[in-house]
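Please keep the sequence and the model in view while reading.

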Amino acid sequence: MSTVTAPSSRAWLVNALVTVVLWGVWGAFSGLSPQHGFPETLVYCVWALTMIPPALVVLAGARWALDRSPRAIAYGLAVGLLGAGGQMVLFYAVARGPAYLIFPIISLSPVVTIALSFVFMRERTGRLGALGIVLALLALPTFDFAPGGSGGASAAWLVPAMIVMLCWGVQAYFMKAANHVMSGESIFVYMTLSALVLIPVAWAMTDFTQAVNWGWDGPGLAAVIQVLNAIGALTLVFAFRYGKAIIVAPLSNAGAPLATALLSLAVLGVVPGPLKSLGIGLALLASLLLAIEPDAKDEEAVLAE
C-alpha cells in the first residue's frame, strides 16, 4: 500500500464541503426522475453507471494500481455494498416520502459510526459529541409522530430512511478502517464495482408492466442528477484521504442531508408542522455538534501545549 502525503492546504475541508454541496443539491432533486415516470430501480442503474467516469479518473491518477490483497478486497466490498445497498433503498424512500424529512433522518448516520467506533475501535467522543448523540436520538421519533393520522403512509418512507441511515453509518465505520489498509483510490473503485454488481438486482426489481419514461426527462434527467452524487462520492474519498475520518464523516454524512432538507423546503415552499420542525432543528444541531467535535487526540495535543 502506498503512503499518502497530505498537502499543506486543508484539502480535506475543500473536498468535504464540495461533497456537502453536491450531495445537498442531488438529494433535493433525486425524487424528480421517479415523479417523471422513471422507476427508482432504474434510477439506481443510472447512478451506478455514472460512477464509472470518476472511477476511471481516480484509477488513472493512481497509475492503475489497485489494492488487491484479501483484506483490501473485503474492506472495499464492505464499503461498496453498504453504500450501494443504502443508495438503492434511498431511491425507494424518496419516491414515497418528502426529502425534507427523509434526509434529516439519514443525517443521523454518524451516530451509528460513533457507536461502532466506540465499541470496536475503543474511540471516545467529548461532551459535544455526546450531546449530539442525545439530540439525534431525541430527533428520531418526531419524524413519525402524526397524531390522528395514518401511520402506514409515513412507514412507507420512514423505515427505508432508517435502513439507509444504518447502512451509511456502518459504511463510514468501514471506510474509516479501510483507510488504514488500502488507498482511497482503491476504495472508490471497489465502491463503483459494488454499485455495478447490484444493477441486475435493481433491473429485476423493476416493474416493466408499468409504463417507463425512456425520454430525456427519464434516464437523461436521472443521469444529470446522479452525476452530482458520483462526483460527490469522489470528493468524499479525497476528504477521507487527507482528513480525519472522525471529522469528515459527520460533516459530509450530516451536512449534505441537512442541506438537502433546507433546499427542499426552499424550493417546495413547504412548512412542516411544529413537531417535525423541532425534529429538523434537533437533527441540525446534533449534526453540527458531531461535525465540530474534535478528535480526542487533538484535544490531548492542545492540552499538552
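A salt bridge is a side-chain nitrogen of Lys or Arg within 4 Å of a carboxyl oxygen of Asp or Glu. A search of the whole structure, which is a predicted model, finds one salt bridge. The partners are Arg96 and Glu40, whose closest N and O atoms are 3.0 Å apart. This pair links distant parts of the chain, for Arg96 belongs to the loop between α5 (70-94) and α6 (99-106), whereas Glu40 belongs to helix α3, and 56 residues separate the two. Arg96 has a relative accessibility of 36% and therefore counts as partly exposed. Glu40, by contrast, has a relative accessible area of 15%, so it is buried.

**The chain as a whole**

The protein chain contains 15 helices and zero strands. Of its 305 residues, 52% are buried. Among contacts between residues at least 6 apart in sequence, 90% join residues at least 24 apart.

**Helix α3 and its surroundings**

Two packed helices are described by the angle between their axes and the distance between the axes. Helix α3 (residues 40-50) and helix α4 (residues 52-61) have axes that come within 4 Å and cross at roughly 20°. Angles under 35 degrees count as roughly parallel, and α3 and α4 are therefore roughly parallel to each other. On the α3 side the contact is made by Ala48, Leu49 and Thr50, and on the α4 side by Ile52, Pro53 and Pro54. Sorted by class, the contact of α3 with α4 has five nonpolar residues, one polar residue and no charged residues.

Thr41 is also found in helix α3. With a relative accessible area of 11%, Thr41 is buried. Leaving aside neighbours within four places in sequence, Thr41 is in contact with Ala202, Met205 and Thr206. Thr41 and Asp207 are 166 residues apart in sequence, yet their C-alpha atoms are 9.0 Å apart in space.

Which residues are in contact with Gln226, leaving aside its neighbours within four places in sequence? They are Trp26, Ser30, Val43, Trp47, Thr50 and Phe91. Gln226 itself has its place in helix α12 (residues 216-242). The relative accessibility of Gln226 is 1%, so this residue counts as buried.

Helix α7 (residues 109-120) has 12 residues. From its first C-alpha to its last, α7 reaches 17 Å, close to the 16 Å expected at 1.5 Å a residue. Its buried residues are Ser109, Pro110, Val111, Val112, Thr113, Ile114 and Ser117.

Leu108 is found in the loop between α6 and α7. At 1% relative accessibility, Leu108 counts as buried because buried means under 20% relative accessible area. Leu108 and Met165 are 57 residues apart in sequence, and from C-alpha to C-alpha they are 6.7 Å apart in space.

Most residues other than glycine have a negative phi. Against this background, Arg63 has a phi near 60°, a positive value in a residue other than glycine. Trp64 likewise has a positive phi, near 60°. Arg63 lies in the loop between α4 and α5, and the place of Trp64 is in the loop between α4 and α5 as well. Are these two residues buried or exposed? Arg63 counts as exposed at 75% relative accessibility, and Trp64 is exposed with a relative accessible area of 54%.

The table gathers the accessibility of residues named in this report.

| Residue | Relative accessibility | Class |
|---|---|---|
| Arg63 | 75% | exposed |
| Trp64 | 54% | exposed |
| Arg96 | 36% | partly exposed |
| Glu40 | 15% | buried |
| Thr41 | 11% | buried |
| Leu108 | 1% | buried |
| Gln226 | 1% | buried |

Definitions and conventions. Residues numbered from 1 in each chain as written. Predicted model: local features only at pLDDT ≥ 70, side-chain atom pairs only at ≥ 80, totals over all residues. Heavy atoms only, no water. Axes fitted to C-alpha atoms, helices over the stretch in contact; angles between N-to-C directions. Parallel < 35°, antiparallel > 145°, perpendicular 65-115°, else oblique. Contact = heavy atoms within 4.5 Å. Nonpolar A, V, L, I, M, F, W, Y, C, P; charged D, E, K, R; others polar. Buried < 20%, exposed > 50% of the residue type's maximum accessible area, 1.4 Å probe, protein only. Expected span 1.5 Å × (residues − 1).
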